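Student: I would like to learn how to read a structure step by step, beginning with a single element and ending with the whole chain. Could we go slowly, please?

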Amino acid sequence: MTETNWFWIGAIGMLAGSLLLFAAGGRRTQDEEGHSLVHGFVPLFAAISYFAMAVHQGEATLSSGRVFQFARYLDWSVTTPALLLGLSMTALHGARRRVGLVAGLLVSDLVMIVTGLFFGASQVPFIKWVWYAASCVAFLAVLWVLFVPLMQEARARDQVRRDAYVRNAILLTVLWLIYPALVLAGPDGLGLLAPTPATAGLTVLDLVAKVGYGLVALLGSRAVTSADLIRGEVSAAEVVTHAIPSGALRPARRA
Ligand code: RET
(Lines give C-alpha, C1' and ligand atoms only; values in the text may rest on other atoms or scores of the structure.)
Protein backbone atom coordinates (compact mmCIF):
# COMPACT_ATOMS: atom_id res chain seq x y z
CA MET A 1 0.00 0.00 0.00
CA THR A 2 1.21 3.50 -0.76
CA GLU A 3 1.41 6.36 1.71
CA THR A 4 -1.44 8.13 -0.12
CA ASN A 5 -3.66 5.05 0.36
CA TRP A 6 -3.08 5.35 4.09
CA PHE A 7 -4.09 9.03 4.02
CA TRP A 8 -7.35 8.05 2.31
CA ILE A 9 -7.95 5.33 4.93
CA GLY A 10 -7.41 8.00 7.57
CA ALA A 11 -9.77 10.50 5.88
CA ILE A 12 -12.61 8.02 5.35
CA GLY A 13 -12.11 6.28 8.70
CA MET A 14 -12.14 9.57 10.60
CA LEU A 15 -15.23 10.85 8.78
CA ALA A 16 -17.09 7.60 9.49
CA GLY A 17 -15.83 7.68 13.11
CA SER A 18 -17.05 11.25 13.53
CA LEU A 19 -20.56 10.38 12.28
CA LEU A 20 -20.61 7.32 14.55
CA LEU A 21 -19.58 9.34 17.62
CA PHE A 22 -22.05 12.16 16.89
CA ALA A 23 -24.80 9.51 16.58
CA ALA A 24 -23.70 7.51 19.65
CA GLY A 25 -23.37 10.46 22.03
CA GLY A 26 -26.19 11.19 24.47
CA ARG A 27 -27.82 14.59 25.03
CA ARG A 28 -29.62 14.10 28.37
CA THR A 29 -27.70 16.75 30.33
CA GLN A 30 -25.36 19.62 29.47
CA ASP A 31 -22.40 17.53 30.62
CA GLU A 32 -23.34 14.59 28.39
CA GLU A 33 -24.02 16.91 25.46
CA GLY A 34 -20.57 18.50 25.93
CA HIS A 35 -18.84 15.11 25.78
CA SER A 36 -20.81 14.09 22.67
CA LEU A 37 -19.81 17.25 20.82
CA VAL A 38 -16.13 17.05 21.85
CA HIS A 39 -15.76 13.43 20.72
CA GLY A 40 -17.75 13.95 17.51
CA PHE A 41 -15.68 16.95 16.40
CA VAL A 42 -12.24 15.41 17.15
CA PRO A 43 -12.29 12.88 14.25
CA LEU A 44 -13.97 15.46 12.00
CA PHE A 45 -10.91 17.71 12.33
CA ALA A 46 -8.66 14.71 11.73
CA ALA A 47 -10.64 13.87 8.56
CA ILE A 48 -9.92 17.39 7.27
CA SER A 49 -6.20 16.91 7.90
CA TYR A 50 -6.06 13.42 6.32
CA PHE A 51 -7.94 14.67 3.26
CA ALA A 52 -5.48 17.57 2.92
CA MET A 53 -2.56 15.12 3.14
CA ALA A 54 -4.18 12.70 0.66
CA VAL A 55 -4.42 15.48 -1.96
CA HIS A 56 -0.86 16.70 -1.09
CA GLN A 57 -2.01 20.07 0.28
CA GLY A 58 -1.04 19.32 3.84
CA GLU A 59 2.66 18.89 3.11
CA ALA A 60 5.77 20.91 2.30
CA THR A 61 8.97 19.67 0.68
CA LEU A 62 11.95 20.89 2.70
CA SER A 63 15.22 21.89 1.03
CA SER A 64 16.72 18.55 2.15
CA GLY A 65 14.07 16.81 0.00
CA ARG A 66 12.15 15.45 2.98
CA VAL A 67 8.36 15.79 2.68
CA PHE A 68 7.00 17.27 5.90
CA GLN A 69 3.30 16.68 6.65
CA PHE A 70 2.50 19.80 8.65
CA ALA A 71 -1.28 19.12 8.48
CA ARG A 72 -0.85 16.52 11.26
CA TYR A 73 0.26 19.22 13.66
CA LEU A 74 -2.68 21.46 12.68
CA ASP A 75 -4.99 18.52 13.44
CA TRP A 76 -3.28 17.84 16.79
CA SER A 77 -3.37 21.53 17.79
CA VAL A 78 -7.18 21.33 17.75
CA THR A 79 -7.85 17.70 18.66
CA THR A 80 -5.46 17.20 21.59
CA PRO A 81 -6.82 20.21 23.56
CA ALA A 82 -10.36 18.98 22.79
CA LEU A 83 -9.59 15.51 24.15
CA LEU A 84 -8.04 17.01 27.28
CA LEU A 85 -11.07 19.27 27.74
CA GLY A 86 -13.31 16.18 27.67
CA LEU A 87 -11.14 14.45 30.26
CA SER A 88 -11.11 17.56 32.50
CA MET A 89 -14.92 17.73 32.30
CA THR A 90 -15.04 14.15 33.59
CA ALA A 91 -12.81 14.95 36.57
CA LEU A 92 -14.44 18.26 37.40
CA HIS A 93 -18.10 17.43 36.79
CA GLY A 94 -18.59 20.04 34.10
CA ALA A 95 -16.53 22.59 32.21
CA ARG A 96 -17.01 25.59 34.46
CA ARG A 97 -14.84 24.70 37.48
CA ARG A 98 -11.10 25.37 37.97
CA VAL A 99 -10.97 27.33 34.75
CA GLY A 100 -7.36 28.43 35.38
CA LEU A 101 -6.16 24.84 35.83
CA VAL A 102 -7.95 23.66 32.69
CA ALA A 103 -6.57 26.64 30.70
CA GLY A 104 -3.06 25.78 31.96
CA LEU A 105 -3.53 22.17 30.84
CA LEU A 106 -4.70 23.18 27.35
CA VAL A 107 -1.94 25.79 26.92
CA SER A 108 0.76 23.26 27.99
CA ASP A 109 -0.66 20.89 25.40
CA LEU A 110 -0.51 23.63 22.73
CA VAL A 111 3.13 24.28 23.68
CA MET A 112 3.77 20.54 23.14
CA ILE A 113 2.23 20.61 19.66
CA VAL A 114 3.71 23.94 18.48
CA THR A 115 7.25 22.95 19.59
CA GLY A 116 6.57 19.56 17.95
CA LEU A 117 5.70 21.36 14.69
CA PHE A 118 9.04 23.20 14.72
CA PHE A 119 10.79 19.92 15.57
CA GLY A 120 9.25 18.33 12.48
CA ALA A 121 10.17 21.30 10.28
CA SER A 122 13.79 21.49 11.56
CA GLN A 123 16.71 20.58 9.36
CA VAL A 124 19.58 21.51 11.72
CA PRO A 125 20.06 18.56 14.12
CA PHE A 126 20.92 20.57 17.26
CA ILE A 127 17.90 22.86 16.86
CA LYS A 128 15.69 19.86 16.06
CA TRP A 129 16.54 18.10 19.33
CA VAL A 130 16.06 21.28 21.36
CA TRP A 131 12.49 21.45 19.98
CA TYR A 132 11.95 17.76 20.70
CA ALA A 133 13.11 18.17 24.30
CA ALA A 134 10.90 21.26 24.76
CA SER A 135 7.89 19.32 23.47
CA CYS A 136 8.62 16.45 25.88
CA VAL A 137 8.81 18.86 28.84
CA ALA A 138 5.41 20.28 27.90
CA PHE A 139 4.07 16.72 27.61
CA LEU A 140 5.30 16.02 31.16
CA ALA A 141 3.41 19.12 32.37
CA VAL A 142 0.23 17.76 30.71
CA LEU A 143 0.69 14.37 32.41
CA TRP A 144 1.35 16.05 35.76
CA VAL A 145 -1.98 17.94 35.59
CA LEU A 146 -3.83 14.73 34.66
CA PHE A 147 -2.32 12.63 37.43
CA VAL A 148 -1.98 15.15 40.29
CA PRO A 149 -4.61 17.95 40.52
CA LEU A 150 -7.22 16.42 38.20
CA MET A 151 -6.81 13.00 39.82
CA GLN A 152 -7.44 14.64 43.22
CA GLU A 153 -10.57 16.27 41.82
CA ALA A 154 -11.79 12.97 40.37
CA ARG A 155 -11.19 11.19 43.69
CA ALA A 156 -13.52 13.69 45.37
CA ARG A 157 -16.39 12.68 43.06
CA ASP A 158 -18.72 9.66 43.13
CA GLN A 159 -17.47 6.16 42.29
CA VAL A 160 -18.84 6.08 38.72
CA ARG A 161 -17.20 9.37 37.74
CA ARG A 162 -13.95 8.48 39.52
CA ASP A 163 -13.73 5.14 37.71
CA ALA A 164 -14.46 6.76 34.35
CA TYR A 165 -11.74 9.36 34.92
CA VAL A 166 -9.08 6.85 36.01
CA ARG A 167 -9.84 4.51 33.08
CA ASN A 168 -9.83 7.33 30.51
CA ALA A 169 -6.71 9.01 31.92
CA ILE A 170 -4.73 5.75 31.82
CA LEU A 171 -5.94 4.79 28.33
CA LEU A 172 -5.22 8.29 26.98
CA THR A 173 -1.72 8.32 28.50
CA VAL A 174 -0.77 4.91 27.11
CA LEU A 175 -1.93 5.90 23.60
CA TRP A 176 -0.35 9.37 23.71
CA LEU A 177 3.05 7.98 24.81
CA ILE A 178 3.27 6.07 21.51
CA TYR A 179 3.19 9.34 19.47
CA PRO A 180 6.60 10.75 20.46
CA ALA A 181 8.18 7.29 20.02
CA LEU A 182 6.67 6.75 16.56
CA VAL A 183 7.44 10.29 15.37
CA LEU A 184 11.00 9.90 16.70
CA ALA A 185 11.48 6.70 14.66
CA GLY A 186 9.84 8.17 11.52
CA PRO A 187 11.16 10.49 8.81
CA ASP A 188 10.65 13.66 10.93
CA GLY A 189 12.94 12.18 13.61
CA LEU A 190 15.75 9.64 13.26
CA GLY A 191 14.49 8.22 9.95
CA LEU A 192 14.62 4.60 11.17
CA LEU A 193 11.18 4.03 9.62
CA ALA A 194 10.46 4.79 5.95
CA PRO A 195 7.60 7.26 5.22
CA THR A 196 4.97 4.60 4.35
CA PRO A 197 5.28 2.41 7.50
CA ALA A 198 5.51 5.56 9.65
CA THR A 199 2.30 6.92 8.10
CA ALA A 200 0.59 3.52 8.45
CA GLY A 201 1.50 3.40 12.15
CA LEU A 202 0.36 6.98 12.82
CA THR A 203 -2.92 6.45 10.93
CA VAL A 204 -3.85 3.35 12.95
CA LEU A 205 -2.74 5.04 16.20
CA ASP A 206 -4.75 8.17 15.36
CA LEU A 207 -7.90 6.13 14.63
CA VAL A 208 -7.56 4.32 17.98
CA ALA A 209 -6.72 7.51 19.94
CA LYS A 210 -9.63 9.48 18.45
CA VAL A 211 -12.43 7.06 17.49
CA GLY A 212 -11.63 4.11 19.79
CA TYR A 213 -10.88 6.32 22.79
CA GLY A 214 -13.93 8.49 21.91
CA LEU A 215 -16.23 5.47 22.12
CA VAL A 216 -14.80 4.47 25.51
CA ALA A 217 -15.15 8.07 26.75
CA LEU A 218 -18.78 8.29 25.55
CA LEU A 219 -19.65 5.02 27.31
CA GLY A 220 -18.11 6.48 30.49
CA SER A 221 -20.09 9.70 30.03
CA ARG A 222 -23.31 7.68 29.59
CA ALA A 223 -22.71 5.81 32.88
CA VAL A 224 -21.81 9.04 34.70
CA THR A 225 -24.93 10.82 33.37
CA SER A 226 -27.23 7.96 34.38
CA ALA A 227 -25.75 8.03 37.90
CA ASP A 228 -26.15 11.85 38.08
CA LEU A 229 -29.80 11.62 37.00
CA ILE A 230 -30.59 8.80 39.45
CA ARG A 231 -29.13 10.85 42.33
CA GLY A 232 -31.23 13.79 41.15
CA GLU A 233 -28.11 15.99 41.18
CA VAL A 234 -28.70 17.19 37.65
CA SER A 235 -32.10 17.60 36.13
CA ALA A 236 -32.66 16.36 32.59
CA ALA A 237 -34.53 19.61 31.91
CA GLU A 238 -31.27 21.55 32.22
CA VAL A 239 -30.22 20.52 28.76
CA VAL A 240 -33.57 21.33 27.22
CA THR A 241 -33.74 24.83 28.61
CA HIS A 242 -29.98 25.44 28.38
CA ALA A 243 -29.16 27.25 31.60
CA ILE A 244 -32.62 28.78 32.06
CA PRO A 245 -33.63 27.00 35.29
CA SER A 246 -36.96 25.27 34.87
CA GLY A 247 -39.79 27.56 35.92
CA ALA A 248 -37.71 30.72 35.49
CA LEU A 249 -39.29 33.61 33.67
CA ARG A 250 -37.98 34.39 30.21
CA PRO A 251 -36.01 37.66 30.15
CA ALA A 252 -38.48 40.52 29.76
CA ARG A 253 -38.61 42.06 26.31
CA ARG A 254 -37.42 45.63 26.13
CA ALA A 255 -39.98 48.13 24.95
C1 RET B 1 5.46 15.26 19.27
C2 RET B 1 6.83 15.87 19.03
C3 RET B 1 7.90 15.26 19.79
C4 RET B 1 7.67 15.25 21.27
C5 RET B 1 6.28 14.96 21.66
C6 RET B 1 5.24 14.90 20.75
C7 RET B 1 3.92 14.49 21.25
C8 RET B 1 2.83 14.24 20.54
C9 RET B 1 1.57 13.77 21.06
C10 RET B 1 0.55 13.74 20.17
C11 RET B 1 -0.75 13.27 20.44
C12 RET B 1 -1.64 13.30 19.46
C13 RET B 1 -2.99 12.81 19.58
C14 RET B 1 -3.81 13.01 18.55
C15 RET B 1 -5.12 12.46 18.53
O16 RET B 1 -6.10 13.05 18.64
C17 RET B 1 4.51 16.37 18.85
C18 RET B 1 5.29 14.05 18.38
C19 RET B 1 6.05 14.73 23.13
C20 RET B 1 1.43 13.36 22.46
C21 RET B 1 -3.45 12.12 20.75
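Student: Which exposed residues does the face of helix 1 turned away from its buried side carry?

Tutor: A residue counts as exposed when its relative accessible area is over 50%, and as buried when that area is under 20%. In this model, which is a predicted one, the face of helix 1 turned away from the buried side carries Ile12, Leu19 and Ala23 as exposed residues.

Student: Which residues of helix 1 are buried, then?

Tutor: The buried residues of helix 1 are Glu3, Trp6, Phe7, Gly10, Ala11, Met14, Gly17, Ser18 and Leu21. They lie on the same side of helix 1 because they cover an arc of only 140 degrees around the axis. As for their partners, these buried residues pack against helix 2 (30-54), helix 3 (71-92) and helix 8 (195-231).

Student: How many residues does helix 1 have, and what does it reach from its first C-alpha to its last?

Tutor: The idea is to compare the span of a helix with the one expected at 1.5 Å a residue. Helix 1, residues 3-24, has 22 residues and reaches 31 Å from its first C-alpha to its last, which is close to the expected 32 Å. For helix 2, with 25 residues, the span should be 36 Å, and this agrees with its end C-alpha atoms, which are 36 Å apart. Just after helix 2, His56 takes a positive phi of about 65 degrees.

Student: Where does Arg97 lie, and which residues does Arg97 touch?

Tutor: Arg97 lies in the loop between helix 3 and helix 4 (99-121), and Arg97 counts as partly exposed because its relative accessibility is 33%. If residues up to four places away in sequence are not counted, Arg97 touches Leu92, Val102, Glu153 and Arg157.

Methods. Residues are numbered from 1 along each chain as its sequence is written. This is a predicted model: local features need pLDDT of at least 70, side-chain atom pairs count only at pLDDT 80 or more; totals for chains, interfaces and linings use all residues. Side-chain values use heavy atoms; hydrogens and water are left out. Helices (H or I, at least four residues) and strands (E, at least two) are DSSP runs, numbered from the N terminus. The expected span of a helix is 1.5 Å times one less than its number of residues. Buried means under 20% relative accessible area, exposed over 50%, partly exposed in between (1.4 Å probe, protein chains only). The arc is that of the directions from the helix axis to the C-beta atoms. Contact means heavy atoms within 4.5 Å.
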